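User: Could you walk me through one part of this model in detail? I would like to look at a single pocket and then at the packing around it.

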Amino acid sequence: MAWQWFHRLGSPRWFYEKTQAWLPWLTVVTLTLLIVGTVWGLAFAPVDAKQGNSYRIIYIHVPAAFLALAGYYIMAISGAVGLIWKMKLPYMVMKSAAPIGAALTFISLVTGSIWGKPTWGTWWEWDARITSMLILFFLYLGIMALQQAFHSRDTGDKAGAILALVGTVNIPIIYKSVDWWYTLHQPASIKFVGESTIHASMLYPLLAMVIAFYCFYALVLLLYTRAEILRRESRTQWVSDLVAQQVSSDNKDIPVKGGSTI
């Protein structure tokens, strides 16, 4: 009985039906936070004394980098749950999380490069933080490729999960790279323990954008996972019933001659 919630959480059908009601609320919250954070950061945060307005790219760069790292843990944990408990849904989440994480890592690398040119005078430098982030990007791509490399979907899922777990060793390296190998990147400005070195007038809109990106990540992950559920469960009765129900609902809205609908 105590594990009933856990097994219910692993049901693709339960997940698909339960998350339907979450999507509208999550969409509203995400859009609101994105608008507030963007306007706050671009229009109301003060100009930096040394970097001028070029620092404002942190309102995209930093949240994207945070989610690139956190998303990897979500992907790896999902893969581990799939391997240990042999559940289908975690593998679907893992597969959905991979392209989202790759996109966020790519955004982080590109925006960091754009920020680096006016700040450090270079688009790219093989320093510890940038190099470890590039490895993270390749890990995401590798997991996506590995999942597609096998004829058996189960084998691809397991291989992707194992690579995801192995790649977790790179995450703490990314976190601590600026402390262990101080090269180009400055030490972290936002600290969970201790006082942050970024001024509150810049920090608060940044925190708004970080929360907005987390909500955006959750929203996109839900959408990807729901689509993956329908694709993998397409031969089940509950998906057939869902499709028939949707077709019937759509046909009611089609007007026919005489002004009625079918």
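What follows is a close look at the second largest pocket and its surroundings. Which residues are the closest to the centre of the second largest pocket, and which elements give two or more residues to its lining?

Analyst: Happy to. This is a predicted model, so local features are given only at pLDDT of at least 70 and side-chain atom pairs only at pLDDT 80 or more, while totals for chains, interfaces and linings use all residues. Residues are numbered from 1 along each chain as its sequence is written, and side-chain values use heavy atoms, with hydrogens and water left out.

First, the setting. The protein has 10 helices and 0 strands, where helices (H or I, at least four residues) and strands (E, at least two) are DSSP runs numbered from the N terminus. Of its 262 residues, 43% count as buried; here buried means under 20% relative accessible area, exposed over 50%, and partly exposed in between, with a 1.4 Å probe and protein chains only. Among contacts with a separation of 6 or more, 74% are between residues 24 or more positions apart, a contact being heavy atoms within 4.5 Å.

Now the pocket. A pocket is an open set of points on a 1 Å grid over the protein atoms alone, where a 1.4 Å probe fits and protein lies on both sides within 12 Å along at least five of seven lines; lining residues have an atom within 4 Å of a point. The second largest pocket holds about 380 Å³ of space, taken as the space filled by probe spheres set on grid points that are joined across faces, edges and corners. It is lined by 17 residues, and Leu9, Phe15, Ser78, Pro90 and Val93 are the closest to its centre. Two or more lining residues come from each of helix H1 (4–9), H4, helix H5 (88–120) and helix H9 (200–232). H9 gives the largest share, 5 residues. By class, the lining has 14 nonpolar, 3 polar and no charged residues; Ala, Val, Leu, Ile, Met, Phe, Trp, Tyr, Cys and Pro count as nonpolar, Asp, Glu, Lys and Arg as charged, and the others, Gly among them, as polar.

Phe15, one of the central lining residues, leads us to helix H2 (residues 12–19), where Pro12, Phe15, Tyr16 and Thr19 are buried. They cover an arc of only 95° around the axis, which puts them on the same side of H2; the arc is that of the directions from the helix axis to the C-beta atoms. An α-helix has 3.6 residues a turn, so residues three or four places apart point the same way. The cover over the buried residues of H2 includes H3, H5, H9 and helix H10 (237–252).

Beyond its neighbours within four places in sequence, Met75 is in contact with Met94, Ala97, Ala98, Tyr140, Ile143 and Ala164.

H5, another lining element, holds Ser108.

Finally, the loop between H4 and H5 holds Lys86. Lys86 has a positive phi of about 55° although it is not a glycine. Most residues other than glycine have a negative phi. Lys86 is exposed, with a relative accessible area of 68%. Back on H9, Ile211 is partly exposed at 47% relative accessible area; Ile211 and Thr30 are 181 residues apart in sequence, yet 8.5 Å apart in space, C-alpha to C-alpha.
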